[in-house]
Structure formats: C-alpha cells, structure tokens
Amino acid sequence: MSFLAIKGLSARLRDTSFPILRDVFLSVEAGEVHGLVGESGAGKSMIGKALLGILPTSIEITHGTIELDGVDLLRLPPAERRRRIGATAALIPQDPLTALNPSRRIGPQITDRLVDILGWARSTAEARARELLDEVHIPDPVRVMRSYPHELSGGMRQRILIASAFAAEPKLIVADEPTTALDVTVQKQILKLIAEMQARHGTALLFVTHDLGVVSKVCQSLSVLYGGMVVERTTVRDFFREPAHSYSRALLAATPKYTDPLASLTPVPETVIAAVQAEVAAHDRSQRNG
Amino acid sequence: MQLFRAFLLRLFTTAITLSGVAVIVFFVIRVVPGNPIAMMLPPGATEADVARLTARYGFDKSIPEQFLIWLQGVVQGDFGTSITSNQPVLGLVLGRLPATLELSIMALVIAVFIGGFIALTGTRNRGTSVEAAIDVGNGMALSVPDFLWGLVLILLFGVLWPVFHISGRVTPSLDLPFTTNFYLFESVLRLRFDLWADIVSHMFMPALALAIPLAAIIGQLLKQSLKETMHLDYVTLARTKGYGENHVILREALPNAILPTLTLVGVQFTFLIGGTVIIERLFSYEGLGNMAIDAVINRDLPLIQGIVILFAAIFTAVNLIVDLSYAFLNPRLRHG
Amino acid sequence: MADGRSQIRRRVGLKLWLSGGWIAFLVMAALCAPWLAPHDPLAQDLFLGRLPPAWVQGAEPGFYLGTDSLGRDVLSRILYGARLALIVALVAGSLTCLIGATLGLMAGFLRGWVDVVISRAIDIWMAFPPVLFSILLIAVMGPGLTSIILAIVVIDWTRFARVVRAEAMAQGAMDYVASAQVAGRRRISTMFTEILPNVLPTIVVLLTLEMGIAVIVEAILSFVNLSISTDDPTWGGMIAEGRTSIHQAWWVLVFPLVTLFLTVLSFSQLGEGLKDRFDPVLR
C-alpha cells in the first residue's frame with residue numbers, strides 16, 4: 001500500500017473540455033523521494049497542487065482519486081480535507097521571496113500550523129521551531145524568529161520555508177521547483193539541505209522539477225509527464241541507464257550532463273514530439289469512447 | 001532622522017495652508033456689500049448706534065488692518081466675538097465641536113464596518129453573482145452624495161418605517177446630566193444607557209448618510225487589494241497548512257491589503273467631515289455645520305471665520321495623522 | 001480571459017445607454033417644458049394645496065404628481081426645475097473644466113514656479129469644507145444663477161487641476177514630448193498639440209462627473225435657501241419644502257428627490273462608463 005496513491009486523476013480548465021491532467025496514475029511509498037519531471041506546461045505542478053488542495057479555481061478535477069495514507073482526499077468534506085492535508089503533508093514553495101507573509105514575524109509563520117491545526121502548546125511549538133531552524137543551519141534562531149521576512153536574504157528565507165515544511169513532521173512533502181528562483185550558488189546548498197532533512201526525518205518527497213540533473217541527485221524514482229499524462233514511471237537508476245519511452249530518451253538527450261557539461265545537446269526531435277502527441281490523442285479518444 | 005525632517009516639512013506646509021485659508025476667508029467675507037451691524041439692529045436704531053457698534057467690532061478700519069488685529073487676537077487665543085450672540089467665538093465653536101466630532105467618528109466607524117464587511121464578503125464570494133451584486137451596489141453608493149442618501153434615509157426610516165429619529169441630537173424633553181458636550185461618550189461613562197440609546201437613535205441616520213459613500217469606497221478598494229493578495233504565494237502556503245478561507249482572508253491577506261485603503265480613508269474622512277455641514281442641516285443636528293450655515297445667513301463674520309478655520313485645522317490634522325499612522329503601520333518603514 | 005472582457009464591455013455598454021438615455025430624456029423634458037407642463041409652475045392656489053398624486057385617493061384630475069402646500073403643481077415644477085439644473089450643469093461644468101484643466105495642464109507640464117503656486121493653491125482649497133465654502137460664496141455674491149455658477153467654478157476647479165496636473169506630468173515624461181522639444185517647438189505649443197490630446201479623455205470623464213456635482217451643489221444651495229429666488233422652481237427648493245411637510249405630503253419630497261437622484265446617478269455612471277470605454281486595456 002503506497003503512502004500516496006493517485007489513480008486516474010483527470011482535470012480540465014473549468015467549463016471547457018481543455019484537459020490539464022489526463023488519467024494520471026502516481027504512487028509514492030513512505031520515505032521515498034519521487035521526481036515529477038516534464039517541460040513547462042506538462043502539468044507536473046498541477047499534480048502537487050491538486051494533492052495539496054490549492055489548484056487555481058479555474059481548474060476543476062473531473063475524476064480520479066488521491067489517496068493520502070489510505071484516505072481518498074477528494075471524498076472528504078472541504079474542512080476535513082484541509083485539516084488532513086495540513087496534518088500529513090506540506091509544501092516547499094518555489095519562490096522564497098513571495099512565500100512568506102511580509103507583515104508577520106518569522107516565528108509565528110513556522111509555529112502557526114502546530115498551534116492552530118495540531119493543537120500544540122505555544123511554548124512547545126516555539127521550542128520546536130528553534131530546533132528546526134538549527135537543523136537548517138540558521139544562526140541565531142531566536143533573533144530570526146523575531147524578524148520580518150524583508151530583513152532576511154532569499155537563501156535564508158528558503159531555509160526557513162524548508163524548516164517550516166518539516167515542522168509538523170509531515171509524512172509527505174511536495175517540493176515545487178524549490179531551487180528555480182534561487183542563485184546558482186545557493187541552489188546547490190538548498191538541494192543538499194532538502195536531501196539532508198529528508199534523510200533525517202524519513203519523509204516522503206514529491207520533487208517537482210524540470211531539471212533532470214536535480215532528479216539524478218535527490219530522487220529514487222521518477223515520473224515523466226507530457227501533456228498532462230504520465231508517459232513513463234521508473235526508478236532513477238533505470239531511467240538514466242535506459243529510458244523506456246522515446247520521449248524520455250529525447251528529454252535526457254536534451255539535458256546537460258554534469259560529467260560533461262560542454263557536450264553538445266540534442267533538442268527533443270520533432271518526430272518524438274509528434275509520436276508522444278499522437279499517444280496523448282489516442283488516450284483522449286479511448287476516454288471518449290470508453 | 002529622515003522621518004523627523006519629513007514631519008517638520010509637513011508641519012511647515014500645514015502652517016502655510018492654514019494661513020492661506022485664514023487670509024482667503026477673511027477677505028472674502030468682508031467683500032459682502034452692506035454693513036453686517038446695520039443688518040442685525042432693530043429698524044429703529046440710530047446712525048450713532050450703528051457707528052458705535054461698527055467701531056466696537058472694528059469694521060470701520062481697513063480690511064488689512066482688521067486682519068492684523070484679528071491675527072493678534074488669534075495668537076492670544078481670542079477669535080473675536082460673535083455678532084449675533086455676543087459671545088466669544090472660541091467658546092461657541094468649541095461648544096459645538098463635540099457634536100460634530102461624535103457624528104463624524106460614528107460615521108467613520110459605520111463606514112469601516114460596512115465597507116469591511118462588503119470587501120470580505122466580496123472576496124469570499126469572488127467570481128460569483130454575490131460579487132457582481134456588490135459591485136453594482138458599490139457603484140450606486142459611490143455615485144450619489146451623502147446629501148441625497150440623507151433624504152432617502154429620512155423617507156425610509158423616518159416616514160415609511162419610522163424607527164429612527166430624523167431631527168435633532170437628543171429628545172428635547174430629556175433631562176441631561178452632562179457636563180461636557182460629548183453626549184454619546186459621556187452617556188456611556190455615566191452608564192446612562194437610556195440616554196445613550198436616545199442619542200444613538202438620533203445620530204444613526206445622519207451618520208449612516210455620511211457613511212454610505214465612504215463605505216462603498218472602502219468596500220471597493222479593499223476588495224480589490226484583497227483579491228490581488230489572495231493569489232500570492234504566502235496565502236497559498238497558508239492554505240496547505242490546513243487553514244480555511246476565512247482565516248486565510250483575515251490573517252494572511254487583510255493585513256497586507258489594508259494599507260492602500262487606509263491612506264484613502266484618511267483623505268475621504270476629510271470629505272466626510274466636510275459633508276457634515278449639509279447633513280447636520282438636513283437632520284437639524286446641533287453641530288458646527290448647522291451653526292456655520294446660520295452664521296452665514298446672519299452674516300456673523302467673526303463666527304464664520306472661526307468655524308472655517310477650525311474645519312481647515314481638522315482637515316489638515318486628519319491628513320497628518322493618516323501619514324503618521326501609515327509610516328507606523330508599514331513594517332518595512334518602521335524597521336527599514 | 002477574452003469572454004470576461006466582453007462581459008465587462010457589455011456591462012459598460014448598458015451603463016452608458018441607461019444613463020445617457022435618462023439625461024437625453026431630461027434634456028428633452030427641459031426643452032419642451034412649456035408644452036409638457038400641465039400647469040404654470042409658479043401658479044399658486046391655496047384651495048388646491050397638498051393634493052396627492054393622481055393614483056392616490058383625494059387627487060384632483062390634472063395634477064399627476066400632486067401639489068405642494070401652496071397648491072403649485074409638482075410635475076410642472078420638476079419639468080421647469082430641470083431647465084435650471086441642466087443650465088447649471090452645462091455652464092458651471094464647462095467653465096470649471098476649462099479653468100481647472102488649463103491650470104492643471106500648466107502646472108503639470110510647465111512645472112517650475114507655476115506648479116508651485118498652483119499646487120499650493122490646490123492644497124489651500126482642499127482644506128476648505130466645500131459645502132460651507134459654496135454657501136459662504138453665495139452669501140457674499142448674493143443669490144442668483146450667476147452666483148451659483150461662479151461658486152461652483154471657484155470651488156471645484158481643483159478637481160480638474162489635480163487630476164490633469166498628474167496626467168500632464170506623466171505625459172510630459174514620455175519620449176514623444178522630448179522629441180517634440182528637440183524639434184524646436186515652443187513649450188506652449190507642445191502643451192496644446194502633444195499633451196492636451198492625450199489628457200483629453202480624462203478631461204471628458206471629469207467633465208461628465210462635474211456636471212452631476214454641479215446639479216447636486218445647486219440643489220444643496222437651494223435647500224439651504226441661498227440659490228435663485230425662492231419662487232423659481234428648483235429641485236433643491238422643492239426638496240427643502242418637502243422636507244418640512246414630509247409627514248403631511250410625502251410626494252412633495254419624493255418626486256423631486258427621485259428625479260435628482262436619477263440625474264446625479266446618471267451623470268456619474270456616464271462618467272464611469274466613459275472612463276471604462278477610454279481604458280486602453282478594455283478597448
């Protein structure tokens with residue numbers, strides 16, 4: 001029994017037939033780090049958002065189930081779904097500069113979920129926050145907790161957001177392109193930190209990224225998306241050794257290698273795109289007929 | 001340090017503005033054809049009576065001379081003597097000020113409550129017919145000034161369904177134990193809730209008339225900023241923590257969305273105070289505005305002068321307070 | 001997003017049609033008042049005092065909206081009152097617009113000491129309670145149509161000056177102005193040929209709004225009894241009379257009030273609708 005099991009999830013632009021997600025199957029075991037890769041617009045972020053209940057209002061889920069720890073989230077009443085997500089899952093957002101509330105101090109932004117949703121005592125929650133800030137290598141946690149976001153650097157803020165995500169000991173964390181908005185120099189440190197925290201807490205991690213290099217470093221398994229459809233699900237080792245799907249192969253060829261960064265890259269060929277698009281169209285046809 | 005210098009500069013421009021107002025009013029009202037003294041004396045008065053009184057009020061001197069005398073008095077806290085009541089202007093004006101202040105503040109409180117409620121309801125139901133209805137209502141409330149709303153309220157709640165008083169500040173037959181003119185405030189302090197209810201029942205209609213346009217402005221602008229804020233990442237993050245819509249709007253979005261509204265409310269509040277003049281007249285409410293209109297009709301020059309300057313002083317003070325509170329409320333300015 | 005935009009455009013269109021329609025109707029009514037009005041608006045007949053509107057019991061035929069305490073026909077007075085209201089709206093609105101916009105344009109584009117003087121004057125004007133100021137001016141100038149128009153111009157020019165100044169400043173910072181300057185044009189000529197056309201939509205919107213304000217100011221002044229002479233039918237004067245006899249004859253207040261309400265609302269909605277029309281994002 002997987003910890004997270006998404007089955008047949010389909011979503012479309014509200015009041016249209018424009019598909020966003022096509023019959024997505026995805027499972028993540030407890031403690032597993034799973035990468036979600038694809039080009040922009042492939043729907044990889046949407047899966048994370050659907051599971052956390054933060055899809056834009058313009059997108060509606062048409063069918064499928066999202067089972068988190070054995071419970072189908074989509075069947076729960078809204079209030080209970082929110083609590084359940086808040087208690088078992090967390091998000092590491094993309095842009096640390098906009099993901100902290102500018103008018104609230106750092107401390108309460110880490111402890112609020114512990115106190116309000118999980119019912120911890122304030123002092124316990126604060127002690128926990130200090131401990132976590134320590135874990136993410138932030139000097140002088142007491143001072144930082146009293147600060148406002150604008151007083152801290154982007155790297156600091158991303159560390160705080162990571163600490164905050166781990167605060168409630170969630171069983172699953174969605175990391176939505178957590179390094180894209182950062183400097184290249186900071187990117188590596190943050191990536192290392194996420195891996196380090198994941199290992200220490202044993203949390204399952206759904207790592208949404210367009211960067212296969214990042215996937216090869218942190219993930220154990222991955223799903224490749226195209227047009228809102230999972231075209232391949234495999235382990236990282238198999239993927240980088242011999243990708244099964246032609247699109248995956250092309251994607252891999254289009255990614256710079258750390259071992260040989262100067263090697264020439266092949267863009268994804270037209271024929272491969274045509275093939276994968278035909279596959280998507282065939283899927284749509286079978287949906288309509290079935 | 002920089003803030004302090006900005007503050008000094010503001011004080012300086014405020015002083016210029018107030019003196020400008022004083023000069024303009026002083027000269028404008030003295031262009032009036034006809035001697036104000038002659039107008040108020042009984043028909044049988046002799047030439048000598050008129051001349052004596054004219055000299056007493058200083059109207060026989062040239063206008064610049066009169067202005068200097070007046071200015072000298074103001075520096076010593078003497079704003080002259082009212083012609084109609086023969087009492088010091090300062091005392092008369094300060095006696096009426098509490099009534100107008102209570103009315104304006106009550107109107108502001110009502111406007112903030114209604115406007116805030118509209119904005120929160122609209123944000124919570126964004127994209128639905130509820131929001132569309134709110135937009136239409138806001139548009140109407142904004143287009144029609146307080147004077148007309150006052151008349152509409154008189155018809156609705158004074159005549160059609162008479163639940164509120166539409167005239168005066170308090171029922172005249174009541175015995176008032178008050179020592180100040182802050183009736184509303186003092187009735188609470190003295191725990192006289194019977195009087196308090198009577199005063200509120202008199203104030204509510206004029207206050208609501210003043211509040212409607214402002215409430216619409218608050219509702220519109222705050223809803224706009226809230227909706228923009230609701231898309232931001234920290235709001236989304238709060239949702240994943242398990243918080244519901246109400247909580248997200250109130251704690252995450254509201255504090256960040258409120259600043260532009262606050263600045264606007266400051267400016268609009270001065271307009272609201274300006275509106276008390278006609279609204280007090282409409283509801284026969286015994287405040288400064290009503291007194292001002294009487295003073296104009298009676299050509300009571302010293303009194304007009306005093307009231308206009310007081311209004312101008314209140315306006316500039318409100319603007320100053322808004323600027324200061326803006327600097328205080330914005331954490332980026334406070335700690336920057 | 002495209003259909004959202006067309007939805008807004010449709011709503012704007014409706015707004016323009018409704019408000020424009022009411023004002024056109026009012027203009028026609030004012031022009032044709034002598035033929036439309038069933039009675040002389042000034043004719044008093046104490047035997048016909050406080051007659052209710054035609055559909056209420058006790059009404060006399062021919063007095064469709066009833067009569068006031070002096071027996072004057074409410075409908076006829078509203079029709080003739082429309083003439084006055086519209087004259088004030090048109091004349092006071094245009095004059096205010098002309099003066100305010102010119103001063104704003106000069107302050108915003110020429111800058112320097114011109115701007116200092118005009119801006120300071122605006123600050124001082126903003127510190128006056130406008131209603132009190134207008135009452136004061138009427139008291140000084142004496143009642144009459146000219147006084148009302150002058151009072152509105154003197155008080156409200158800042159509405160135009162403030163907005164136009166800001167717009168002219170924004171336009172003045174743009175490249176096309178600099179290139180006109182480099183080409184050796186005189187500043188005044190640049191102001192009228194380059195800046196003015198770009199500020200014009202804003203001025204038109206403000207003018208429409210100002211007309212509504214002028215109507216309301218006239219009504220307020222007649223209400224305080226400082227407007228034209230007391231005999232002339234004005235909506236504000238009728239409202240003032242209606243306010244005193246509200247418990248005996250509601251119709252004396254209600255009909256002029258509804259007319260005034262719709263007129264003010266229409267001018268304002270017309271202005272808002274034009275603003276949306278001119279908005280390049282929606283176009």
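Before counting anything, I note what "contact" means here: two residues are in contact if their C-beta atoms, placed from the backbone, lie within 7 Å. I also note that this is a predicted model.

**Entry 1: who touches whom.** I looked up the chain pairs. Two pairs of chains touch, and chains B and C have the most contacts of them. Chains A and C do not touch; I find their nearest C-alpha atoms 11 Å apart.

**Entry 2: B against C.** Chain B brings 33 residues to this contact and chain C brings 30 residues. I wanted to know which elements of chain B give two or more residues to the side that touches chain C. My list reads α1 (2-30), α6 (129-143), α7 (146-160), α11 (245-282), α12 (288-297) and α13 (301-329). α1(B) gives the largest share, seven residues.

**Entry 3: B against A.** Here 17 residues of chain B are in contact with 26 residues of chain A. On the chain B side, α10 (233-240), α11 and α14 (331-335) each supply at least two residues. The largest share, six residues, comes from α10(B). The side of chain B that touches chain A divides into five nonpolar, seven polar and five charged residues.

**Entry 4: a helix pair in chain B.** Two packed helices are described by the angle between their axes and the distance between the axes. I looked up both for α7(B) and α9(B), the latter covering residues 193-230: the axes come within 8 Å and cross at roughly 135°. Angles over 145 degrees would count as roughly antiparallel, so I write this pair down as oblique. The crossing of α7(B) and α9(B) is right-handed. Among the residues making the contact are W149(B), L153(B) and F157(B) from α7(B), and M205(B), L208(B) and P213(B) from α9(B). The residues of this contact come out as eleven nonpolar, two polar and one charged.

**Entry 5: strands in chain A.** Which strands does β1(A) pair with? One is β2(A), residues 19-28, which runs antiparallel to β1(A), residues 4-13, and is joined to it by six bridges. In that pairing I find A5(A) opposite S27(A). The hairpin has five residues between the strands, and D15(A) takes a positive phi near 65° there. Another partner is β4(A), residues 59-68, also antiparallel to β1(A), with eight bridges. There, S10(A) has H63(A) as its bridge partner.

Technical notes
Residues numbered from 1 in each chain as written. Chains lettered and ligands numbered in written order. Predicted model: local features only at pLDDT ≥ 70, side-chain atom pairs only at ≥ 80, totals over all residues. Helix = DSSP H or I, 4+ residues; strand = E, 2+ residues; numbered from the N terminus. Pairing = 2+ DSSP bridges. Nonpolar A, V, L, I, M, F, W, Y, C, P; charged D, E, K, R; others polar. Axes fitted to C-alpha atoms, helices over the stretch in contact; angles between N-to-C directions. Parallel < 35°, antiparallel > 145°, perpendicular 65-115°, else oblique. Left-handed = near helix turned anticlockwise from the far one by under 90°.
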